[in-house]
Amino acid sequence: MQQPSAVPELAHARTNPMHWLATAAALAAVVAASSFIQPDDATAAQAGPPPAAAQAAPDPSAAQIPMNCAGERPQIIKHAAGDLDGDGRTETVAVARCAAGSGTPPSGVYVIAKPATGKPRVVATLVDPKDKLNVTDFAVTNRVVTATLLGYSSSTVPRCCPDKTEKAKWQWQGDAFVRSEQSAAVGA
């Protein structure tokens with residue numbers, strides 16, 4: 001036996017082709033009406049160079065990274081961009097290292113700029129791979145480059161297990177990047 005619906009008002013909830021046609025017509029009318037509404041023309045003009053955020057950051061993979069990786073290109077592990085020297089142009093800071101089958105190869109940290117013409121190029125080395133440091137916690141914030149540098153107290157420490165930790169930051173001052181310690185170096 002069929003039980004009558006407790007809510008007979010819902011009987012109209014069934015759709016038919018006429019409902020779909022009416023919905024499509026209403027939607028088409030809304031879309032057509034919205035095409036006639038346009039924002040006002042902008043009247044402000046920007047003077048000077050575009051802000052650094054509007055300019056594309058140099059691609060670190062297009063730059064010649066000064067590392068000897070046995071015939072291979074260095075790997076870009078991390079990179080971040082910002083206007084580091086306040087000139088209105090965006091620079092890229094890249095952490096790079098050579099590929100290694102095992103162990104942890106040393107890192108290099110490079111500032112890359114894009115000239116008006118030509119390929120991006122390295123303009124500063126913040127960490128040289130010859131120093132045998134690994135870079136972690138890398139960031140570019142408010143024109144400051146920060147990183148945690150992991151190193152080794154002696155050549156007998158296995159390359160897998162750095163035993164020295166140092167937090168460093170670099171900031172453009174005058175005509176060069178100046179490095180300062182964020183805190184005293186600590187052993188791991």
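Reply: Let's start with the overall layout: the protein chain has 1 helix and 9 strands, where helices (H or I, at least four residues) and strands (E, at least two) are DSSP runs numbered from the N terminus. Going along the sequence, the pattern reads α-β-β-β-β-β-β-β-β-β. What you're looking at is a predicted model, so local features need pLDDT of at least 70 and side-chain atom pairs count only at pLDDT 80 or more, while totals for chains, interfaces and linings use all residues. Residues are numbered from 1 along each chain as its sequence is written, and side-chain values use heavy atoms, with hydrogens and water left out.

Now to your pocket. The largest pocket has a volume of about 320 Å³. A pocket here is found on a 1 Å grid over the protein atoms alone, using a 1.4 Å probe: it is an open set of points with protein on both sides within 12 Å along at least five of seven lines, and lining residues have an atom within 4 Å of a point. Grid points are joined across faces, edges and corners, and the volume is the space filled by probe spheres set on the points.

The lining is made of 17 residues, and D87, R89, E91, A113 and K114 lie nearest the centre. Two elements give two or more residues to this lining, β3 (107-113) and β4 (121-127). The largest share, 3 residues, comes from β4. Sorted by class, the lining has 9 nonpolar, 2 polar and 6 charged residues. For that sorting, Ala, Val, Leu, Ile, Met, Phe, Trp, Tyr, Cys and Pro count as nonpolar, Asp, Glu, Lys and Arg as charged, and the others, Gly among them, as polar.

The term means a side-chain nitrogen of Lys or Arg within 4 Å of a carboxyl oxygen of Asp or Glu. R89 is partly exposed, at 45% relative accessible area, and D87 is partly exposed too, at 31%. In these terms, buried is under 20% relative accessible area, exposed is over 50%, and partly exposed is in between (1.4 Å probe, protein chains only).

A search of the whole structure finds 2 salt bridges.

C69 and C98 form it, with their sulfur atoms 2.0 Å apart. C69 is in the loop between α1 (17-34) and β1 (75-82), and C98 is in the loop between β2 (91-97) and β3, so to speak linking distant parts of the chain, 29 residues apart. Both C69 and C98 are buried. Across the protein chain, buried residues make up 28% of the 188 residues.

Technical notes:
Disulfide = S-S within 2.5 Å.
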